[in-house]
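Open the model in your viewer and keep the sequence panel beside it. The stops below are meant to be selected in order.

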Amino acid sequence: MAAVVYASHLFLFHTARGARTTLGFQLLEAAAHFAPWAALTPLVLRLARQWPLLGPGWPARLLLHAAAGAGIALLQVLVHGALDYGLIHGAADGWQGLAARVVRLFSRTYYANLLVYLALVVGAAVAEQSRRARVREAELERGLTQAQLDMLRLQLQPHFMFNALNTISSLVMDDPAAAQRMIARLADLLRRALDPANAGEVPLAGELESARAFLAIEEVRFGERLEVLIASDPEAEAALVPGLLLQPLLENAIRHGIARRPGAGRLELRVERRGEWLRLSVWDDGPGSETPPRPGIGLSNVTARLERLYGGRHRFAFAAPPRGGTEVVVEVPWRPATG
């Protein structure tokens, strides 16, 4: 492409001055100029990687590039002259004609070749610096997401474990079979919570399994005071969601809704696909509130992780639906899990 642009420029330049030329001839001239650089550019980029222009000790490497650039610029002139003389203008004048052509090209293009070498080296240095910055940013991003997940685990596990173990201890003597089932569900839930894969996105089907295990334990704890409904579109279960997304929402509904009711309460978890969005909602028929509750550590970490994973392409909102109670709605982009 560069050769075509350069040839078009030469053609228009010579034509404007009244010189007789053709576009095909100028394409050959341009090819003779750019072909050596096409062959030499991989070598220049290799030198740029071997002697990074940026970073500590750069003056010594700059001297190495000055020497290498001088040699490569001269090599480009020699190859350019040979191609131009032998393939385009003919070799009727012998070595003297070739030498004269090289001298003319040296006076016209040598210093430009040095600038081309420098531009390639600087461009490679900037590209490498940018690549490393992106890698560092990605590592920091993963580290922050993992740190947020760890904080979420630290907040969820002691609180939930305390309640669950209290319930299990009350069942050991009266209903050993129920206690064993609850221990199995608790073990499964903690295994999922400790899975490092939850730092990113996971299939919704796995999140729903964790939600069912969590709610099964809470149903034993609350007894007839808690009624649970889970409504999930089978298509939606193939979507990706942040790991450990549902448990903080469910725990918030139980703590601030169900636990504050004097009698029986109802909790609903609904998941559905709406076009390009996946919608998850948790509703409880607790006392509700005109204003959203102040988010604790769990919900704060959820909102931070949603922002980290999706930027502005998500929705997290509290609502007071007409039927009463409180509803928390999360919407994230629809992305099917693969494999």
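The tour goes from the sheet to its strand pairs, then to single residues and salt bridges.

This is a predicted model, in which local features need pLDDT of at least 70 and side-chain atom pairs count only at pLDDT 80 or more, while totals for chains, interfaces and linings use all residues. Residues are numbered from 1 along each chain as its sequence is written, and side-chain values use heavy atoms, with hydrogens and water left out.

**The sheet**

Colour by secondary structure; helices (H or I, at least four residues) and strands (E, at least two) are DSSP runs numbered from the N terminus. Select the open sheet: five strands in the order S2-S4-S5-S7-S6, with mixed pairing. Two strands count as paired if DSSP finds at least two bridges between them. At the edges are S2 (226–232) and S6 (315–319), each of which pairs on one side only. From one strand to the next the twist averages 10 degrees.

Next, show helix H6 (residues 204–222), which lies across S2, S4 (265–274) and S5 and runs at about 170 degrees to S2. Axes here are lines fitted to C-alpha atoms, for helices over the stretch in contact, and angles run from 0 to 180 degrees between N-to-C directions.

**Strand pairs**

Begin with S2 and S4, a parallel pair with seven bridges. Here Ala 231 stands opposite Arg 270 in S4.

Move on to S4 and S5, which run antiparallel and are joined by eight bridges. Arg 274 is opposite Trp 277 in S5. In the hairpin of these strands, which has two residues between them, Gly 275 takes a positive phi near 65 degrees.

Then select S5 (residues 277–284) with S7 (residues 326–333): an antiparallel pairing over eight bridges. Look for Arg 279, opposite Glu 331 in S7.

Is Ser 281 buried or exposed? Ser 281 lies in strand S5 and is buried, with a relative accessible area of 3%; buried means under 20%, exposed over 50%, and partly exposed in between (1.4 Å probe, protein chains only). Leaving aside neighbours within four places in sequence, the contacts of Ser 281 include Glu 268, Leu 269 and Arg 270, as well as Glu 327, Val 328 and Val 329. Contact means heavy atoms within 4.5 Å.

Asp 233 is partly exposed at 27% relative accessibility. Not counting residues up to four places away in sequence, Asp 233 touches Val 271, Glu 272 and Arg 273. Asp 233 and Val 271 are 38 residues apart in sequence and 6.2 Å apart in space, C-alpha to C-alpha.

**Salt bridges**

A salt bridge is a side-chain nitrogen of Lys or Arg within 4 Å of a carboxyl oxygen of Asp or Glu. By this rule the count is 13.

- Arg 261 and Asp 285 meet at 3.8 Å, N to O. Arg 261 lies in the loop between H7 (246–256) and S4, and Asp 285 in the loop between S5 and H8 (297–310), so the pair ties together parts 24 residues apart in sequence.
- Glu 268 and Arg 323 meet at 3.1 Å, N to O. Glu 268 is in S4 and Arg 323 in the loop between S6 and S7, so this pair ties together parts 55 residues apart in sequence. Glu 268 is buried, at 5% relative accessibility.
- Arg 315 and Glu 331 meet at 3.7 Å, N to O. Arg 315 is partly exposed, at 39%, whereas Glu 331 is buried, at 16%.

Finally, select Glu 227, Arg 266, Glu 268, Arg 270 and Arg 323, which are linked in a network of salt bridges.
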